Amino acid sequence: MPRIAANGIEIEYDEMGAAADPAILLVMGFSSQMTRWPDAFKRGLAGAGRRVVWFDNRDIGLSTEFAGHAPPNPVEVVKAVAERGSADDLVPYLLDDMAADAAGLLDALGIDQADVLGVSMGGMIVQLMALNHPGKVRKLIPVMTTSGDPSLPPSSPEALEALTNAPAERTAEALAEAAIKGQNAFGSHPDVRNTEAESRAKVTADFHRSDRPAGVARQYGAILAQPRWHERLAQVAHPTLVLHGSEDTLIRPAAGEDIARRIPGARYVQIDKWGHDLADKMMPALLDEIIPFLEA
């Protein structure tokens with residue numbers, strides 16, 4: 001896969017489709033590598049006449065690692081935000097910086113403007129792209145994500161534990177087991193979620209490609225320290241489609257509904273049986289919503 005300089009870092013990326021086609025940028029979620037975008041999803045978008053671009057966020061996969069920065073202490077970050085309204089000095093970067101990475105990648109690729117779609121943390125990043133770099137965004141698609149409003153319903157205890165509990169032993173097998181627990185806690189309905197064997201294979205492949213636990217911790221710090229942006233969403237003027245799953249217990253559907261309420265003219269679509277994952281069987285349902293929205 002190619003790598004390119006953007007926003008002062010090196011970004012590993014890939015693309016599919018004709019270079020002359022309108023671009024759509026896919027922004028991945030917390031701790032996940034670019035390899036997690038289902039092939040059927042990318043091919044579906046490219047087949048609909050899009051130049052599809054996806055990449056590793058900073059500190060994950062093969063993009064620049066911030067190895068010189070110790071992982072922030074989440075408790076200290078939360079305390080600083082509560083007491084003084086900011087924890088910028090405790091983290092090496094914010095989600096604002098990750099939004100600048102995504103905008104910088106478009107610049108580096110010579111793409112003046114793109115539709116932007118982000119999942120989970122990536123959905124937070126694309127909202128900040130629309131706010132901080134509005135000229136780079138044509139249409140906005142936040143997926144399984146939140147407006148950042150701290151008053152929204154929290155994750156279920158089981159989902160939060162599955163997300164944050166790292167295995168004691170850092171092996172492909174241990175990480176795969178943790179992923180299965182996460183799938184059971186906040187994934188799609190058993191009828192449509194990926195099999196355990198499929199999930200284990202994806203985790204194992206990612207582990208051998210890159211394993212950066214400190215990068216995961218730094219990304220978590222960026223989420224916790226990011227100044228809240230929910231009250232700014234009324235400024236978003238881009239056509240917006242918000243997608244969320246009915247089974248999502250990590251970021252509740254109420255969070256997606258909140259984004260759609262705050263962005264003028266935004267449309268909210270909730271998809272049955274879908275959880276906080278990119279289950280292969282859910283891709284046709286997602287494409288059925290996304291492609292007509294892009295073409296309108």
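**Pocket notes**

I sorted the residues that line the second largest pocket and found five nonpolar, one polar and four charged; here Ala, Val, Leu, Ile, Met, Phe, Trp, Tyr, Cys and Pro count as nonpolar, Asp, Glu, Lys and Arg as charged, and the others, Gly among them, as polar. The model is predicted, so I noted that local features need pLDDT of at least 70 and side-chain atom pairs pLDDT 80 or more, while totals for chains, interfaces and linings use all residues. Residues are numbered from 1 along each chain as its sequence is written, and side-chain values use heavy atoms, with hydrogens and water left out.

The largest share of this lining, four residues, comes from α6, and the elements that give two or more residues are α5 (157-164) and α6 (172-186).

**Helix pair**

How do α3 and α4 pack? Helix α3 (residues 95-108) and helix α4 (residues 121-132) meet at an angle of about 75 degrees, their axes 8 Å apart, which makes α3 roughly perpendicular to α4 (a word used for angles from 65 to 115 degrees). In their contact (heavy atoms within 4.5 Å), α3 brings residues including Leu-95 and Asp-96, and α4 brings residues including Met-121 and Asn-132. I counted the contact residues by class as eleven nonpolar, one polar and one charged.

**Ends of α2**

At the start of α2 (residues 74-84), I found a side-chain oxygen of Asn-73 within 2.8 Å of the backbone nitrogen of Val-75. Just after α2, Gly-85 has a positive phi of about 75 degrees.

Terms used:
Axes fitted to C-alpha atoms, helices over the stretch in contact; angles between N-to-C directions. Parallel < 35°, antiparallel > 145°, perpendicular 65-115°, else oblique. Polar contact = N/O pair within 3.5 Å; in protein donor to acceptor, adjacent residues only side chain to side chain.
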